[in-house]
Structures are given as C-alpha cells and as structure tokens.
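Have a look at the structure first.

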Amino acid sequence: MKECVGGMDVVEGGKGEKIRGYDYRAWDKFDVDAAIKEIDGDANKMRIEEDNREEEEEEEGSTDEEEMSRLEEEKRQQLAVYHKEKGNEFFKQGKWEEAVECYTKGLQQDALNAVLFANRAMALLKLQKYAAAIADCDCSIELDDTYTKAYLRRATAHLKLDHKEDALADFNKVLEFEPENKLALTTVKKLEVELEPVEEYTPRKPGDITNMKRTLPPSDKPMVRIQIIDISPEDFDTKPAKKGIEEISSKTESEVSDTKSENVPAVTKRKEVVSVVEFETLPTRIPMNYLQFQTDTRKLRSHPEKLFEYIKQIDPDIYPKLFQDSLEADTLFMILDTLNQFYIPNRLPVYSELYYLTKVKRFDMAVMFKTERQQLTIGQLVQYAAETVDDKLGIIGLIKAYNILDLSKYKLNNVQVEQQPQDEVEI
C-alpha cells in the first residue's frame, strides 16, 4: 500500500516494514504478487464482515418481527379465552343474548376456535335460532370433525326444525365416536321408527283374493277380542224395532245379548258388544318398566282422565327405576301436564312427583328445551308445591332443577336462590 511521506513514495512490505522510494535494492526484493494478494484478501475480508453485519441486522429485525407477532397472537388468545369465560358466566345466568355477544367477540380474536362456535350454537339454541345454531355447528365441525358436542347440538337444532333425516345422520355420527352415548342411542331408535316407510293402501277389486298381504298402515288403536255371533236368517226381522235408540244404548252387555226375543236387529247388538269390549281394554296396570309405561300411555293419551288415574297409581319414588335412562321430553311434559291439569284442581300433592322426576337420568336433557307454555306449566306446579309443603330447601332444589328464572311471575320471589342451570356449555 502506498502513502506519501516527506514527498517520497513509501510502500508497505509484507512484514509491515516501509520501503523508501529511492531504495532500489529493496524494491528489487519486493514481491508484487504477494502484496496484491494481501490487498485482495483485506478487501474480501472487509466485504465478508460487511455482509455478516448486514445479515445480523436482518436477523435481528426478523427476530423482532417474529417476537412481536408471537406476542400479538398470545394477546389475541388471551382475549378469546376471556370472552369465552365471560360468555359462559352469562350462559349460566340464563342471559343467552349476552352470551352470544361474548362468544362473538371471542371469535373475532380467535376465528379457529371450534369450542367458541359450539358454545355460541348452544346459546342460539336457547334463543330458538335454530338455523343460526346449525351454521355455527357447521363451522365447529369443519375445524374439528371429531367434536361430538357440535354434532349433538346440530342434531338438536335439526330436530327442532323437523329435519329428521339430518338429525338421524348427526346422531349416528355421535355414535361413531361415543358408542355408549345414551341420548344418541335413544333418539336414533325413535327416529328410525318414525322414518320407516309405510306402504300405501292399494284397494283390491271385488272378488280379488290374490295378494292378501296387509297393505294398510298399522293402527294406533289397541287390539280387541270380538266374539263371533252366528246369525240365522230368521234374526233379520224386517219389522220395525220395538225399542228406541236411547233404550238400546243404555243396555249392558248381558242385556244386549238377551234381546233376541225383542226383535232388535242382530247387527245392532254386535256393535253394542264391541263398544263395551273396546272400553274395557284401556290399561290399568302398574308398569314395571319404561316400555310398558310408554305402551300404556300411548293408548291413554286420548283419555286424559284415565291417564290421570294411571299416573296417580304409580309411586313417585320408583320413577328413577321405572324410566332409568330412557326419559324423553314428550314423556316428561305429558306427566307434568297431567299433574297441572288434574292434581292442582283436586288439591293432590305434587312435590314428590316433581322431586323424583329430577332424579331420573337424562332429566336435565329432557327439560332443557322447554317451550314457553311448558315453562308456565312448570312454574305453576312449583308454585303450588311451595304452597302445600313446608320445605323451603326442597322448593329451592326444584327451582334449580327446573331452571325457573322469573321467580316473581310465580309468586316465588320470597325464595332466595342462586340459579344454577343444568345444561352447561363447554368450558
């Protein structure tokens, strides 16, 4: 490398010594190639160092950006959890709209959270916004296709909209992940029966005895035993009947069978006997299991007073054993409607009936989606129970179990109770 010293050129040698411009002997020994290589090496070294500094600066900048991004993501996750927990609190208090708002805020922070979608769907079910609940369940399942609660809630919404085929598909999906799920098992059996195709009635031509297979849909009426009466030609007397219709209808079965001598047409007699037999086939037994109960009450639904007598003979303390894990919503509210329609006017106690129903498995699920009319029925029953029993703690238990929110509406505002709804969202 050259530099000017006292007006003379000086060259720095390989070992650091300086050569005067007039020192020709030293110049003869000077290795130019080595000096050039040394200069090039220093230049390369400087370029490498510069490049390294630039890379370090870029890495430091990238690291800062990643750190900022990570911190921002953690903050969003924390906000999502905060809004979810706040929504859960509103849900437990029965404030469905506020819960929906909180879950929505949580999804704005974490749009890939399957639980938030499913929780909002549950609150929408409470608000009876079934189509919106289905949409949220769709999003939840798209994010996590093994999330059984999303399938259950979507199935419930489909049932509310009478989409039985879609509901059946969702309940079957639940059974793929949870084969022992009682709600899914029970509902699948029920839906399969309801969706079973019924052959249409095709009338035969007179005299056609071919294809005698039954084509009529099954009847809901109970089967009866009918006595076959041989009718001789002389029974068909064309003379006018001596008895009026009112007198014939008032006869007993034994009297009707003995009226042959009174010229009453035999056909009229046989109809009278059949009507008596049908009335006597209404069930009066005490059921031993849920299947018997369901079969009997199906026959008695069109006879409210007989249904009342049937339910009254069952001791309430056997409800848990009788229904086990098969209690359905329509069965529960059939019992509650009967209590409200007959027990209250007859001043019969209802506390034990209401209490032991809450001890039946699946009661929480059956009572969850009650209508406004059913909520009114429950409120009236609990109000009547509070007037007839001196058990404040017991009444508080009923209020909690049946999730009665408006205590003042049923004159229960003197009962201090913290609401604890039975149906919980996922925390």
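Tyr130, Ala133, Ile134, Cys137, Asp138, Ser140 and Ile141 in α5 touch Ala150, Tyr151, Arg153, Arg154, Ala157, His158 and Lys160 in α6, where a contact means heavy atoms within 4.5 Å. This is a predicted model, so local features need pLDDT of at least 70 and side-chain atom pairs need 80 or more, while totals for chains, interfaces and linings use all residues. Residues are numbered from 1 along each chain as its sequence is written, and side-chain values use heavy atoms, leaving out hydrogens and water.

**The α5/α6 pair**
- Helix α5 covers residues 130-143 and helix α6 covers residues 148-160; they pack at about 155°, axes 9 Å apart.
- That makes α5 roughly antiparallel to α6 (an angle over 145 degrees).

**Cysteines**
- You'll find zero disulfides here (a disulfide is a pair of cysteine sulfur atoms within 2.5 Å).
- For Cys139, the closest cysteine sulfur is in Cys137, 9.3 Å away, which is too far for a bond.
- Cys139 is partly exposed at 30% relative accessibility, whereas Cys102 is buried at 7% (buried is under 20% relative accessible area, exposed over 50%, partly exposed in between, with a 1.4 Å probe and protein chains only).

**Whole chain**
- The chain has 19 helices and three strands (DSSP runs: H or I of at least four residues for helices, E of at least two for strands, numbered from the N terminus).
- Of its 427 residues, 35% count as buried.
- Among contacts with a separation of 6 or more, 55% come from residues 24 or more positions apart.

Definitions and conventions. Axes are lines fitted to C-alpha atoms, for helices over the stretch in contact, and angles run from 0 to 180 degrees between N-to-C directions. Angles under 35 degrees count as roughly parallel, over 145 as roughly antiparallel, 65 to 115 as roughly perpendicular and the rest as oblique.
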